[in-house]
Amino acid sequence: MADPTAAGADATGIEQAFDGLRVVELAQWVFVPVAGALLADWGADVVHVEPPTGDPYRGLMTQGIGSDAGGVNVSMALANRGKRSIALDVRTERGQEVLHRMLASADVFLTNLRPGALERLGLGTEELTARYPRLVYARGHGYGARGPDADQAGYDSSAFFARGGLAHILTPPGLEYPIGQRGAMGDRNGAMALAFGIATALLRRERTGSGGVVDVSLLATAMWTLSSDVLAALSGTTPQPNPGRGPTPNPLVGTYRTADGRHVQLVFLEADRYWSPFCKLIGRPELIEDPRFADIHARRENSAACVALLDEEFARRTLTEWVELLRGLDAPWAPVQSVPELLDDPQVAANDYIGTVEDGDRTYRMPNVPVQFDGRPAELRRGPEHGEHTEAVLLELGYGWDDIAALQSARAIP
C-alpha cells in the first residue's frame, strides 16, 4: 500500500498544482508549518525537519492546549497534514550534511528559525542562495528580517495581536484588559501570505531560472489585516476601538437582535438601493416616504430613531423567521452563527470547506485549505508521527543502512 502521506496525484489520478515540488521545512509551531501544509495539500512533497525531541507544538496537548479527536492531535495535524517527518539534529556536523543533501534537490527551503540562528548554522540567505541558486528560500518572522527586533522571538499573540494593533482596536472601551486572541489567527493568516509568496517566487523562477528570498512577518500580516485602520492613521486620524452598538452613520449596517435572543447582521452599504424593498419586505411600506428616513442623509441625521425602529421590528420575529424572510431580499445579510452551527451550514457542506482525513481505521475532520482548483477541494492527508519517515528519506538521499547507523552514532538522528 502506498504511503498515505506521499505527495503526487490525488485519489482521482489528477495531477495536482504542486506535484513534483520538493520542500524542506525547518520550522516549528504553527505559522510556517501551516504554509508547508498548504503546499502539501496541493501535492508538494514537504519534509518536516524536526529536532530529535520533536516539534514542541506536539507537546501542547499535554498542557490541555489544542484539540483532540479520538487520540489524534488534530491541532498538530492541521499544521502538518500531508507531510513527511524526519528527526534530525541540524546542530551536528552530520545533521548538517543530511540537510544539505536534502537542499541540493529541493525547490523550497521553508523556515521560521530566527536570522541569527540561521547564520550561526550556516543557513543564512546569502550562503544558501549562492550555493543553491534555484532554491526559493522562504522565511516566516515575528517582526521582519531587518531592524532592532529581527531576532526577537514572536508568536501570533505577541507579534500579530498585541504589537500589531489588533488587541487595542478590537477591545471595547471600558475593559480593564485587552480581549484575548483566538488560537493562531495570525499564524494561519500569515501562512496564507507565505504560501502565496512561495507560489509567486516559483512562477518567477520559471521565467528567470533563479530562486530568491521570500519574507513574511506576523507584524506585517497584522498591518495588512488592519489596512482600513492603518489608512486612517496615515491620513492623520487616530482609529478608535469600536464603542459597541449605538447610533451609526448607516443604520442598515449593523447587528439586530431577534425575538429569541439571536442576531442578524445587515450590511446594506448601498442603503438607498435597499431601503425601499426592505421596508416592503417587513410590511412597513409607509417608512419609505417617512422624511426622517427618506434617503441616506436623512437616516444618518436620524440614526438613533432609525436604529430604535429596526430594533422593534427585529424583536417581532425569531431568527428562523428572519432567515426565511430575508431570503426574499437580494441583499447582503447573514445570521450570526456559533462555530458548531457553522459546521452544519449547508454552504460549508456544499463547498467541502470541511475535509475528512483517513488515518488507518480512524477518520477525523478539519478545515480545508480555502483555495480550490477546478471546482475541487484539496484531498487532505494525515500528518506524520515524529520522525516517521527518517529512514525512508535518508534512503532516498542515497544513504545505506550502515550510513544510517553511523548517523545514529553521531547523534544526528535519534
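Author: A residue counts as buried below 20% relative accessible area, as exposed above 50%, and as partly exposed in between, with a 1.4 Å probe and protein chains only. The model is predicted: local features need pLDDT of at least 70, side-chain atom pairs pLDDT 80 or more, while totals for chains, interfaces and linings use all residues. Numbering starts from 1 along each chain as its sequence is written, and side-chain values use heavy atoms, without hydrogens and water.

Reader: Are W275 and F293 buried or exposed?

Author: Take the two residues in turn. W275 is buried.

Reader: How many aromatic pairs does a search of the whole structure find?

Author: Rings of Phe, Tyr and Trp (its six-membered ring) pair with centres within 6.5 Å; planes under 30 degrees apart are stacked, over 60 edge-to-face, the rest tilted. Searching the whole structure gives an aromatic pair count of 10.

Reader: Which kind of pair do F268 and F278 form?

Author: The centres of the F268 and F278 rings are 5.8 Å apart. Their planes meet at 75°, so the pair is edge-to-face.

Reader: Where in the chain do F268 and F278 lie?

Author: The two residues are 10 apart, and their pair links distant parts of the chain. F268 is in the loop between strand 10 (263-267) and helix 11 (271-281). Helices (H or I, at least four residues) and strands (E, at least two) are DSSP runs numbered from the N terminus. F278 lies in helix 11.

Reader: What is the relative accessible area of F278?

Author: F268 is buried at 0% relative accessibility. F278 is buried as well, and its relative accessible area is 0%.

Reader: Why is the pair of W275 and F293 edge-to-face?

Author: The ring centres of W275 and F293 lie 6.0 Å apart. The pair counts as edge-to-face because the planes stand at 65°.

Reader: How far apart in sequence are the parts that W275 and F293 tie together?

Author: W275 belongs to helix 11. F293 sits in the loop between helix 11 and helix 12 (296-301). The pair therefore ties together parts whose separation in sequence is 18 residues.

Reader: Which residue lies over the face of W322?

Author: W322 is one of the residues of an aromatic cluster, with Y256, F268, Y274, F278 and F314. A charge sits over a ring if NZ of Lys or CZ of Arg is within 6 Å of the centre and within 35 degrees of the normal. At 5.0 Å from the ring centre of W322 lies R317.

Reader: At what distance from the ring centre does R101 lie over Y399?

Author: R101 lies over the face of Y399. Its distance from the ring centre is 4.0 Å.
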